[in-house]
Amino acid sequence: TSVNIPDSVTTIGDNAFASCTSLTSVNIPDSVTTIGEDAFYWCTSLTSVTIGNGVKTIEWGAFDNCTSLTSVTIPDSVTTIRSQAFNGCTSLTSVYCKATTPPSLGVYVFDFNGSGRKIYVPAGSVNAYKTRWSEYASAIVGYDFENGVVVE
């Protein structure tokens, strides 16, 4: 039901945990740089994921259809989020993206998420995110990560 990936791992392979429907939590260490395609696809019980500060790329469909995931924090190390990475996460209502420069974004990354889903980004980067992630502009909100508060 839970996985702590060891620090010796640098890549979570394609389909590594796909369809592990009893998996509820995963801790991805800082040593991991890439979360592979469909790595956690259809992990319908996954409610908690910690993405380490070494991750640079979240591949296509990595968390697609993780229907119990309610919140995710994307560290500032991430530079690329491929298509459908968080598509179909129907309970996902809070996305915290810490990078000051918006990561490149594929298509349908945050489609079919929970009602009223918000994407919290560094307050000084709101306009950059709204420009680069234009399809999600209405959901983007400034956030002070140091103090844990929304900045309007």
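**View A. Asn87 in the loop between strand 8 (80-81) and strand 9.** In this predicted model, Asn87 has a relative accessible area of 9%, and because buried means under 20%, Asn87 counts as buried. The side chain of Asn87 makes a polar contact with the side chain of Asp64, at 3.4 Å. Neighbours within four places in sequence aside, Asn87 is in contact with Phe63, Asp64 and Asn65, and also with Tyr108, Val109, Asp111 and Phe112.

**View C. The pairing of strand 7 with strand 9.** Strands of a sheet pair through backbone hydrogen bonds, in either a parallel or an antiparallel way. Strand 7 and strand 9 (residues 94-97) pair in the parallel sense, over four bridges. Thr73 stands opposite Tyr96 in strand 9.

**View D. Asn147 in the loop between strand 12 (140-144) and strand 13.** The relative accessibility of Asn147 is 57%; exposed means over 50%, so Asn147 counts as exposed. A polar contact of 2.8 Å joins the side chain of Asn147 to the side chain of Asp144.

Notes: Residues numbered from 1 in each chain as written. Predicted model: local features only at pLDDT ≥ 70, side-chain atom pairs only at ≥ 80, totals over all residues. Heavy atoms only, no water. Pairing = 2+ DSSP bridges. Helix = DSSP H or I, 4+ residues; strand = E, 2+ residues; numbered from the N terminus. Buried < 20%, exposed > 50% of the residue type's maximum accessible area, 1.4 Å probe, protein only. Polar contact = N/O pair within 3.5 Å; in protein donor to acceptor, adjacent residues only side chain to side chain. Contact = heavy atoms within 4.5 Å.
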